[in-house]
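Open the model in your viewer and keep the selection tool ready. Each stop below names what to pick and what to look for.

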Protein chains: 2
Amino acid sequence: MRTSVATVCLSGTLEEKLAAAAAAGFDGVEIFENDLIASVSSPEEIRRRVADLGLTIDLYQPFRDAEGAPPHRFAAVERRFRAKLDLMGRLGADTILICSSVASDTINDDALAAGQLRRLAELAAERRIRIAYEALAWGRHVSTWEHSWEIVRRADHHALGLCLDSFHVLSHTDEYAEIADLPGDRIFFLQLADAPRLDMDVLQWSRHHRLFPLQGRLDLTGFTRAVLDAGYSGPLSLEVFNDVFRQSDPHRTAVDARRSLIALNDALTPAPALSGIAFAELGVDAETGPQLETVLRALGFAHTGQHRSKAVQLWEQGTARILLNSGDSRTAIRAFALESTDPAASAARAAELLATPLPRRRRQSEADLTAVAAPDGTEIFFCRGEHWLGDFLTTGEDRTRGTGLSIDHLSLAQPFDRYDEAALFYRSVLGLTDDEAGEFAAPFGLVRTLAVRNADRRVRLALSVPLLRRGDWAPAVPHPQSLTLLTDDLARTAAGVETVPVPGNYYDDLDARTDLPAELRDTVRKLGALHDQDEHGHYLQLFTPVLGNRVFLEIVQRVGGYRGYGFANDPVRMAAHRAQRLVSRA
Amino acid sequence: MRTSVATVCLSGTLEEKLAAAAAAGFDGVEIFENDLIASVSSPEEIRRRVADLGLTIDLYQPFRDAEGAPPHRFAAVERRFRAKLDLMGRLGADTILICSSVASDTINDDALAAGQLRRLAELAAERRIRIAYEALAWGRHVSTWEHSWEIVRRADHHALGLCLDSFHVLSHTDEYAEIADLPGDRIFFLQLADAPRLDMDVLQWSRHHRLFPLQGRLDLTGFTRAVLDAGYSGPLSLEVFNDVFRQSDPHRTAVDARRSLIALNDALTPAPALSGIAFAELGVDAETGPQLETVLRALGFAHTGQHRSKAVQLWEQGTARILLNSGDSRTAIRAFALESTDPAASAARAAELLATPLPRRRRQSEADLTAVAAPDGTEIFFCRGEHWLGDFLTTGEDRTRGTGLSIDHLSLAQPFDRYDEAALFYRSVLGLTDDEAGEFAAPFGLVRTLAVRNADRRVRLALSVPLLRRGDWAPAVPHPQSLTLLTDDLARTAAGVETVPVPGNYYDDLDARTDLPAELRDTVRKLGALHDQDEHGHYLQLFTPVLGNRVFLEIVQRVGGYRGYGFANDPVRMAAHRAQRLVSRA
């Protein structure tokens, strides 16, 4: 299956876009007209550049306001079209996209439209160029794939076929099954774009919020299958207008883009089952390390192991294992390991999905853990069983004091440019599914959150990102990461741990808006915990101060099968962290 | 007229918001419940803080899902309401907002709703608290001001009145004139918010895109007048949910907010007529200064004056006057001067609208130019006649070589957080009106542009901002400012000036899509100019390289009364600048 990407998906000049598309492994590109017009390279130079990069030009686009033109205006359309055919000859491109007319003077007459497109197809055929005709969702008279097909059928010219675009179809209908009945050789081009479901003007939705396949909520899988079932044999090509991608490093975006097509195609090593988070590794600096050790001790962790060759400590409590890596200068959740039924297959799938493999400097006695980098740079290891523990020398410390902790989930603040990429990464590489999603007003701006999990909820990750890239205001409060530990007895586990005070106003409001059993209400307030509930049960949350300006630990209890993450409490937690920071500075 | 601001308009913790509101001169605040809940201060501490800052708490809000509750649920509503009345007693707040219910089980029965609100009003009245009832635009059954008034009328309790919110009314109707016929003493509160016209789900529109009055497109002036005509005597209070304001320095946002109310009230010194841009002042560094001098020489400018006491040169060509100030380390358009019929009145109006006055170090012989700072820091001088030229010693250089240039407009790239503030600033302080507006896809992301002008177009400014705050990608291409010079003879003026090459692809496309007279078409291509046209005429644009990474000059000719700014060409210009930068580095 050939893959292609429209230059409009990527940031930069045309030359930068082409380089990024090639580096990410695309087979071809769609040249978006505005990119070409602004390019200082001549069409011949672009042609050479494309060939040198091992790419092909699969489409030139768009040609607008062609069909349905009032007859007196059609001469100008023809003149403009001939000029673009000249250009395509110089570029060496053989397919041009004509999108349905939006001009206010467009005539609603299928016979006229078909005749005009036939005329343009005759001109194109003389140059061995094909026209792919596409119904824009906001086309003046032609806005559905059925209508565009009716006009193509009427025009009846071998150089005129359809361009199908998942966004234009799925933005206004789920009725696409009949696409599979089209003659596949009349589908000249397939453009793919996903999108979140937004209740807004379709033109604005399309121009600003498209996403790569499997990043949004449209049924890209079913749609693509229908087109392929029809017998379409051209490239799967991405045409995504997205405000963030337009500003982001095109090399990164191009990898994200191609990953989406690989995941969509799904001719992949199946994702092995995951059964838990084997460990989380925190980078610590000289100041944070001892602070974190104090917190871990208070939580009943024991320092049970020391790495054979690196400055890495192993701490254990119940099934929770935390590594403290002081070989790093920044405090961060730098890695986590997932229990996989088949680590090699997990790693193979990750590689197929363009995850960056991380070199392991393996010493003779060390376990060979395969690792890949997540979009935000976090290292993900795959392991099976406890073989990796052999890398650690036993300190002899006793771990019986534990209260049976486990790692509940990790909360990973994402870089602004990489949020949708991260969601796709975790869904496709790890086979995780979406869990709770939210958007809330935090003290320093809106934050969007998405949790992903495996089938039995033993692997859970929470991703979050500000709605707008942050500026200078409130620079001392970054967006911290956290490691959440699960206990069956929050009071016992947290006794002696320094947690951040929750404001009394929070409890007054909690009492006003909920009808909790008196005992639970008293427990929550006495513990100084945050509370959430869903139809399954209750959630109690405590959290430590932010360490090293970057990481805090959260200790939670899930009462009666609560399934969420307490996102609704995040603004209160963030304000409490902010207040504590101000106090500790004073 | 008392002014108030909802804490939700501002970024930060509650304490930071209160400080910002007070510093900007507001009389009162609306306490937004979530801000209070997350605050570490007790209600009593907040009460003291508010009083210490010279503020009052004009509203506590919102109380949700009260009226229309199924009877079995109303006991919980009452309990919750009593808790909030307790809280308001501690806060010393005397008015609570109840917004119309959105809960799915809300019963559509005005008699029930009125009865329930009457019951809550009885409870409130016992504490001398009033309820202001507001129809949310997305309320389940009550979504219009008429409906909310019908229920208030039916409930017939002295402690129950209306809250009117301009967004909730104007987002779905222009029919608000009858508000003026309401009994003013039953309007307990007035919330003001403007917004751009967006075709999207009203809840999302409201939560993310509200603006301060006169920053958007709703008829805030007419609406406010209707409410005041009814006899409303409470504060004008702002309730603006805006993603950018939520992230921006609250002190700056609060000033912007209060300016909007001052402008709306318009009890101001009238804006004196402006008649032109007297001069533009460019800061130059050691490298840029000589480069700019070379460009100015090539354009026929003469170095006619030298400031008596500062490192500032005066350059003149035709009526265009440019100052080069080498007493600054950054290259930028640091100031411009406007010809005003009454400079003192211009400055007085600016001060009334909270513009930051700039101190002038005046020497004995220097003209006393009043100056204020625009939101982006650009200094704006007001002057009349040529008195200020007396500050410059004549160099004796001859200016007869000129080709009759004038300053056409200035293009000022705005800081991301200050775009809407800047638009309001120029409209209100200088009395400018909106001209061309646009949004275009530039090589490194989308850019939004707004031009403002005076009545006879002798003062024109173009403001622009990226749609999203920029990140690290393409850091070497900031968003440059420019100074546009107008000529009647572009060929003659630009002869010998180094201008940036426009790609051949641009001309091929221009020829394809337009039907320009052959002579004009040849001229444009020969000059290497960009071209635009409107119903009045044509526009030819040339531009210099970006100097000092920040400023370029543009030379334009308006043929036949063209009125625009050529915004559509900006992507081509930006790509050309990018390409030249790469070449000049190589």
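This is a predicted model: local features need pLDDT of at least 70, side-chain atom pairs count only at pLDDT 80 or more; totals for chains, interfaces and linings use all residues.

The charged end of B:Arg130 sits over the ring of B:Phe188, 3.9 Å from the ring centre. Next, pick B:Arg558 and B:Tyr565. Here B:Arg558 lies over the face of B:Tyr565, 6.0 Å from the centre of the ring.

Stay in chain B and go to B:Arg418. Look in the loop between strand 18 (406–413) and helix 13 (419–430) of chain B. Is B:Arg418 buried or exposed? B:Arg418 has a relative accessibility of 6%, so it counts as buried. Show its side chain together with that of B:Glu421: a polar contact of 2.3 Å joins the two.

Now turn to ring pairs. Over all chains, 28 aromatic pairs are counted. Start with A:Phe212 and A:Phe245. Their ring centres are 4.7 Å apart and their planes meet at 5°; planes under 30 degrees apart count as stacked, so this pair is stacked. Trace the chain between them. A:Phe212 is in the loop between helix 8 (202–209) and helix 9 (220–229) of chain A, while A:Phe245 is in the loop between strand 8 (236–238) and helix 10 (250–265). The two are 33 residues apart, and the pair links distant parts of the chain. Both A:Phe212 and A:Phe245 are buried.

For another geometry, select B:Phe444 and B:Trp473. With centres 5.8 Å apart and planes at 65°, this pair is edge-to-face. B:Phe444 lies in the loop between strand 19 (433–442) and strand 20 (445–453) of chain B, and B:Trp473 in the loop between strand 21 (460–466) and strand 22 (481–486), so the pair ties together parts 29 residues apart in sequence. B:Phe444 is buried, with a relative accessible area of 7%.

Return to chain A and select A:Phe279, A:Phe381, A:Trp388 and A:Phe392. Ring pairs link these four into a cluster. From A:Phe279, step across to A:Ala337, its bridge partner in strand 13 of chain A.

Finish on strand 13 (residues 332–340) of chain A. How many of its residues are buried? Nine of nine are, and the strand is mostly covered. Strand 9 (residues 274–283) of chain A runs antiparallel to strand 13, joined by eight bridges. Strand 16 (residues 379–383) of chain A pairs with strand 13 in the parallel sense, over five bridges. Highlight A:Phe336 to see one such link: its bridge partner in strand 16 of chain A is A:Ile380.

Definitions and conventions. Residues are numbered from 1 along each chain as its sequence is written. Chains are lettered from A and ligands numbered from 1 in the order in which they are written. Side-chain values use heavy atoms; hydrogens and water are left out. Rings of Phe, Tyr and Trp (its six-membered ring) pair if their centres lie within 6.5 Å; planes under 30 degrees apart count as stacked, over 60 as edge-to-face and the rest as tilted. Helices (H or I, at least four residues) and strands (E, at least two) are DSSP runs, numbered from the N terminus. Buried means under 20% relative accessible area, exposed over 50%, partly exposed in between (1.4 Å probe, protein chains only). A charge sits over a ring if NZ of Lys or CZ of Arg is within 6 Å of the ring centre and within 35 degrees of the ring normal. A polar contact is a pair of N or O atoms within 3.5 Å; within protein, one must be able to donate a hydrogen and the other to accept it, and residues adjacent in sequence count only if both atoms are side-chain atoms. Two strands pair if DSSP finds at least two bridges between them.
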